[in-house]
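Q: I would like to learn how to read the features of a model such as this one. Please take them one at a time, with the general idea before the case.

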Amino acid sequence: MNRTKSKYIKHRIEEERQQLGVLAEQYGLQDMRVLRQSMELDRLINHYNEVRYDYMRRKVPIA
């Protein structure tokens, strides 16, 4: 996995997670803004997992 891409995605995940907390505190968990932010966070996490899974799948076994 490209370390730069991985770091960037992790950084974005953390930023989006913090933003989700702020929105949830301001508007409550049922607000559409909070739900959209949660979906964006899920999208980023899924993207990170896809990149990581692709790397693991391509990795050649040592033995």
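Q: How far apart are the closest N and O atoms in the salt bridge of Arg43 with Glu40?
A: A salt bridge is a side-chain nitrogen of Lys or Arg within 4 Å of a carboxyl oxygen of Asp or Glu. In this predicted model, the closest N and O atoms of Arg43 and Glu40 are 2.7 Å apart. Both residues lie in helix H2, three residues apart, about one turn of the helix. Helices here are DSSP runs of H or I with at least four residues, strands are runs of E with at least two, and both are numbered from the N terminus.

Q: What should I know about numbering and confidence before going on?
A: Residues are numbered from 1 along each chain as its sequence is written, and side-chain values use heavy atoms, with hydrogens and water left out. As the model is predicted, local features need pLDDT of at least 70 and side-chain atom pairs count only at pLDDT 80 or more, while totals for chains, interfaces and linings use all residues.

Q: Which other residue forms a salt bridge with Glu40, and where does that partner lie?
A: Glu40 also forms a salt bridge with Arg12, with the closest N and O atoms 3.6 Å apart. This pair links distant parts of the chain: Glu40 is in helix H2 (residues 32-58) and Arg12 is in helix H1, 28 residues apart. A network of salt bridges links Arg12, Glu16, Glu40 and Arg43.

Q: How many salt bridges does the structure hold?
A: The structure holds five. One of them joins Arg33 to Asp31, with the closest N and O atoms 2.8 Å apart.

Q: Over the face of which residue does Arg33 lie?
A: A charge sits over a ring if NZ of Lys or CZ of Arg is within 6 Å of the ring centre and within 35 degrees of the ring normal. Arg33 lies over the face of Tyr27, at 3.6 Å from the ring centre. Arg33 is in helix H2. Not counting residues up to four places away in sequence, Arg33 touches Leu23 and Tyr27, where contact means heavy atoms within 4.5 Å.

Q: Which residues make up the largest nonpolar core?
A: A nonpolar core is a set of buried Ala, Val, Leu, Ile, Met, Phe, Trp, Tyr and Cys residues joined through side-chain atoms within 4.5 Å. The largest one has nine residues: Ile9, Ile13, Leu20, Leu23, Val34, Leu41, Leu44, Tyr48 and Val51. H1 and H2 each supply at least two of its residues, and H2 gives the most, with five.

Q: What is Leu20 in contact with, leaving aside its neighbours within four places in sequence?
A: Leu20 is in contact with Val34, Gln37, Ser38 and Leu41. Ala24 lies in helix H1, and its C-alpha is 5.8 Å from that of Val34, 10 residues apart in sequence.

Q: Where is Gln18 found, and how far is it from Leu41?
A: Gln18 is found in helix H1 (residues 3-27). Gln18 and Leu41 are 23 residues apart in sequence and 10.0 Å apart in space, C-alpha to C-alpha. Gln18 is partly exposed, with a relative accessible area of 45%.

Q: How many helices and strands are there in the chain?
A: The chain has two helices and zero strands. Of its 63 residues, 21% are buried. Among contacts between residues at least 6 apart in sequence, 61% join residues at least 24 apart.

Terms used. Buried < 20%, exposed > 50% of the residue type's maximum accessible area, 1.4 Å probe, protein only.
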